[in-house]
Amino acid sequence: MASTSLLKASPVLDKSEWVKGQSVLFRQPSSASLVLRNRATSLTVRAASSYADELVKTAKTIASPGRGILAMDESNATCGKRLDSIGLENTEASRQAYRTLLVSAPGLGQYISGAILFEETLYQSTTEGKKMVDVLVEQNIVPGIKVDKGLVPLVGSNNESWCQGLDGLASRTAAYYQQGARFAKWRTVVSIPNGPSALAVKEAAWGLARYAAISQDSGLVPIVEPEILLDGEHDIDRTYDVAEKVWAEVFFYLAQNNVMFEGILLKPSMVTPGAESKDRATPEQVASYTLKLLRNRVPPAVPGIMFLSGGQSELEATLNLNAMNQAPNPWHVSFSYARALQNTCLKTWGGRPENVNAAQTTLLTRAKANSLAQLGKYTGEGESEEAKEGMFVKGYTY
């Protein structure tokens, strides 16, 4: 397949460089660390962690042609909502069975370069007793970890939220690295119907920047995720204006915190109208607005743009991604989907052991479709009705 040949040609991180079985390699300070001098103050500023070379390799591995990220980092409560939708009780055994189904899908690594895990999964074994991390590594998939502690009300704002989790983050990221994680994820949100207020935007950007700096210092590539929520009746121009301000603030504070852009991945929302807007956008319009925003706000040094689906249907998310890859981009423009990869897979499984193979086939079909979209070669032929079902939930909480 075309995607396979492209994968072979891409720069990738050798498995032994991030984890091999239960062994862990500890890096010596890298010669790629940058030291900048401010002439006015004569201060020396470290612009990258001692893991600089490894961070770049990990980011390039994840941002490899024809591949994207499987986001399977739902908290236990959110995973419970998924299981409840198929009539399954939210127990550790149920979560283990479902996550085993996902990570062990044969050939998943051909389309998936990274998997974001919840903390339980990072330390969990499959139903066959093999470490989840080891199963991913054998599939040539980089293990990642969700490190934020969720959204809480932002006092003094217009009923907005901020993301908590910076306290103790350095010790947690160091432990996650030892367990085999090589990238991290921190999600914060901005609500258009609620403003967004200047306070909420600044809080979101600063939190992402501090998290990114701490993660890089522990050897984890940070996924920077400033999600513009789909909630609202606004048009696509309003989404663009808000996202432009948010992204500008995010990259300003990333630079202020000496985050190395070559060692991060951006996980933004696509620029679309609000989910309740009367005006719908075509994939070509979404691509045009989103790529314009990327060109105006994202440094070319950032290796990968891994879009979230944010409640779009499986088909819609794939079509929009494909439209963005009809011409070369300075970045690897790809996907980091949760529901847009798992929705039909979960329904196919239904919690029944005899449906595991069919569910894995469904997952691979969805992953392959997005792999083709990353290469700009997706046609949309043969899609099921389930793939066309929208997944937006107003006021959805994770």
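Predicted model: local features only at pLDDT ≥ 70, side-chain atom pairs only at ≥ 80, totals over all residues.

Trainee: How many residues of strand β5 are buried?

Mentor: Strand β5, residues 142–146, has 5 of its 5 residues buried. Val 142, Gly 144 and Lys 146 point one way from β5, while Pro 143 and Ile 145 point the other way.

Trainee: And which strands pair with β5?

Mentor: Strand β4 (residues 112–117) runs parallel to β5 and is joined to it by 4 bridges. Strand β8 (residues 183–190) also pairs with β5 in the parallel sense, over 3 bridges. Ile 145 of β5 is the bridge partner of Leu 117, and Lys 146 has Lys 185 in β8 as its bridge partner.

Trainee: Changing topic, why is helix α11 described as largely enclosed?

Mentor: Because 9 of the 11 residues of α11 (residues 314–324) are buried, the helix is largely enclosed by the rest of the structure. Among the buried residues are Leu 315, Asn 320 and Met 324.

Trainee: What do those buried residues pack against?

Mentor: The buried residues of α11 pack against α10, β11, β12, α12 and α13.

Trainee: What about α4, then; which elements do its buried residues pack against?

Mentor: The buried residues of α4, including Tyr 98 and Leu 102, pack against β3, α3, α5, α6, α12 and α13.

Trainee: Lastly, is Ser 277 buried or exposed?

Mentor: Ser 277 lies in the loop between β10 and α10. Its relative accessibility is 9%, so Ser 277 counts as buried. Beyond neighbours within four places in sequence, Ser 277 contacts Gly 232, Glu 233, His 234 and Asp 235.

Notes:
Residues numbered from 1 in each chain as written. Heavy atoms only, no water. Helix = DSSP H or I, 4+ residues; strand = E, 2+ residues; numbered from the N terminus. Buried < 20%, exposed > 50% of the residue type's maximum accessible area, 1.4 Å probe, protein only. Contact = heavy atoms within 4.5 Å. Pairing = 2+ DSSP bridges.
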